[in-house]
Amino acid sequence: KKIVFTDGDLAKYNLQPSQFLSGFLTELLERDHSVQNVVYTFPHLTIQEFLAALAQFLPPYSEHLWRVLTESHSTTDGRFEIFLRFVAGLSSSLSTRCLNEFLGPMTHDTTCQVIDWVKEEVKRQAGNTECDAGKRSLLNTMHYLFESHNSGLAQNAL
């Protein structure tokens with residue numbers, strides 16, 4: 001939802017700007033009534049979407065993950081589609097194994113919540129294809145199913 005960040009925004013998540021400036025954040029000078037402030041932005045929103053999805057799997061874990069996924073999926077303007085695809089992709093066992101090496105163990109509970117959410121969305125969206133919005137939503141749900149790389153889930157859903 002936010003594309004420009006201040007030092008305070010980063011400190012809120014115990015991040016230091018120097019950790020991410022190399023490739024993830026761009027430093028900008030912002031003028032506000034003759035005072036210059038430093039703000040940060042991502043060079044491409046896809047990087048921001050990936051990091052937002054990754055944050056769902058790292059401590060502190062979201063207590064409201066199901067609500068976040070459902071609310072993100074319910075927007076009709078498509079602004080959370082990439083985020084949701086990344087979340088689904090990060091729930092795959094291959095992604096988890098690869099990221100465990102760099103980030104430490106990721107919670108299995110979050111992965112299970114994402115898989116359960118995708119399963120419920122497939123069921124819910126399968127009967128909702130009478131209008132264009134319903135067809136688009138079902139197509140996006142199929143993208144999440146694909147990104148999860150979970151053949152058992154795909155077989156049950158289809």
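The lining of the largest pocket is made up of 22 nonpolar, 4 polar and 8 charged residues. Here Ala, Val, Leu, Ile, Met, Phe, Trp, Tyr, Cys and Pro count as nonpolar, Asp, Glu, Lys and Arg as charged, and the others, Gly among them, as polar. This is a predicted model, where local features need pLDDT of at least 70, side-chain atom pairs count only at pLDDT 80 or more, and totals for chains, interfaces and linings use all residues. Residues are numbered from 1 along each chain as its sequence is written, and side-chain values use heavy atoms, with hydrogens and water left out.

**The largest pocket**

- A pocket is an open set of points on a 1 Å grid over the protein atoms alone where a 1.4 Å probe fits, with protein on both sides within 12 Å along at least five of seven lines; lining residues have an atom within 4 Å of a point.
- The largest pocket holds about 1,600 Å³ of space, a volume being the space filled by probe spheres set on the points, which are joined across faces, edges and corners.
- Look for Y13, L51, A52, A55 and Q56, which lie nearest its centre among 34 lining residues.
- Helix α3 gives the largest share of this lining, 8 residues; helices are DSSP runs (H or I, at least four residues) numbered from the N terminus.

**The second largest pocket**

- The second largest pocket has a volume of about 250 Å³.
- It is lined by 17 residues, with H73, T75, T76, A133 and S137 closest to its centre.
- Its lining has 4 nonpolar, 10 polar and 3 charged residues.
- With 5 residues, α8 gives the most to this lining.

Notes
Helix = DSSP H or I, 4+ residues; strand = E, 2+ residues; numbered from the N terminus.
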